[in-house]
Amino acid sequence: MTKANSYGELVIGLAFALGGVGIYVHAAGLRSMPGMAVGSGLFPKITGALMVLFGLMLAWSAARALRRETGSRSDIGGTGIALSGYSIAVFVGLIVLTAILPTTGFLLGGVVFTALVCRLGGAGWIGSALFGLGMTFALYAVFVHGLGVQLPRGLLGT
């Protein structure tokens with residue numbers, strides 16, 4: 001890893017952790033909806049806490065890499081994982097998925113998004129499709145049947 005990438009990962013890690021703190025603080029103020037098996041702030045709190053954890057892990061790893069730098073290595077390198085084509089494609093895909101989820105629904109949107117992310121990551125079409133189907137239906141079962149959380153129905157109406 002180059003020194004420039006280490007600085008970038010340090011900044012991204014700290015920003016991610018700070019964003020997680022913001023999400024957690026905001027989620028702590030959400031009130032529970034009557035009749036729900038879990039409070040409406042539970043999943044945002046979990047997300048915020050995990051963002052803090054993973055952001056700090058990334059920042060710690062980058063800080064260790066910066067301390068190990070001897071100065072003999074070149075600071076010229078690739079863009080790193082933060083700006084790779086795959087990372088940008090997944091980020092844009094999440095934005096598109098968020099926009100179309102009310103129309104397509106969780107099942108259809110989840111299967112297509114997950115399969116495309118796997119395919120972009122290098123998996124074959126059949127493996128990507130099977131993974132997309134399996135993970136989407138597993139998450140659907142956990143949220144809808146296990147936790148009683150409604151997910152967007154969309155085109156399939158389920």
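**View 1. A nonpolar patch on the surface is formed by Phe16, Leu42, Ile46, Leu50, Leu53, Phe54 and Met57, with about 610 Å² of accessible area together.** This is a predicted model, in which local features need pLDDT of at least 70, side-chain atom pairs count only at pLDDT 80 or more, and totals for chains, interfaces and linings use all residues. Residues are numbered from 1 along each chain as its sequence is written, and side-chain values use heavy atoms, with hydrogens and water left out. Patch residues have over 30% relative accessible area and no salt bridge, and nonpolar side chains (Val, Leu, Ile, Met, Phe, Trp, Tyr) are joined within 5 Å. A salt bridge here is a side-chain nitrogen of Lys or Arg within 4 Å of a carboxyl oxygen of Asp or Glu. Areas come from the Shrake-Rupley method with a 1.4 Å probe, and for residues only the protein chains shown count as cover. Helix H2 (residues 42-68) gives the largest share of the patch, six residues. Leu50 is found in H2 and is partly exposed, with a relative accessible area of 39% (buried is under 20%, exposed over 50%, partly exposed in between).

**View 2. Here is helix H2, with 27 residues.** Helices (H or I, at least four residues) and strands (E, at least two) are DSSP runs, numbered from the N terminus. From first C-alpha to last, H2 reaches 39 Å, close to the 39 Å expected at 1.5 Å a residue (1.5 Å times one less than the number of residues). The buried residues of H2 are Gly48, Met51, Gly55, Ala59, Ala62, Ala65 and Leu66. Ala65 has a relative accessible area of 6%, and its C-alpha is separated by 6.5 Å from that of Ser6, 59 residues apart along the chain.

**View 3. Take a look at the one aromatic pair.** The rings of Phe43 and Phe143 have centres 5.1 Å apart and planes at 50°, so the pair is tilted (centres within 6.5 Å; planes under 30 degrees apart are stacked, over 60 edge-to-face, the rest tilted). Phe43 lies in H2 and Phe143 in helix H4 (residues 125-146), so the pair ties together parts that are 100 residues apart in sequence. Phe43 is partly exposed at 27%, and Phe143 is partly exposed at 21%.

**View 4. The charged end of Arg64 sits over the ring of Trp60.** The distance to the ring centre is 4.8 Å (the rule asks for NZ of Lys or CZ of Arg within 6 Å of the centre and within 35 degrees of the ring normal).

Methods
Patches are made of residues with over 30% relative accessible area and no salt bridge: like charges are joined within 9 Å, nonpolar side chains (Val, Leu, Ile, Met, Phe, Trp, Tyr) within 5 Å. Buried means under 20% relative accessible area, exposed over 50%, partly exposed in between (1.4 Å probe, protein chains only). Rings of Phe, Tyr and Trp (its six-membered ring) pair if their centres lie within 6.5 Å; planes under 30 degrees apart count as stacked, over 60 as edge-to-face and the rest as tilted.
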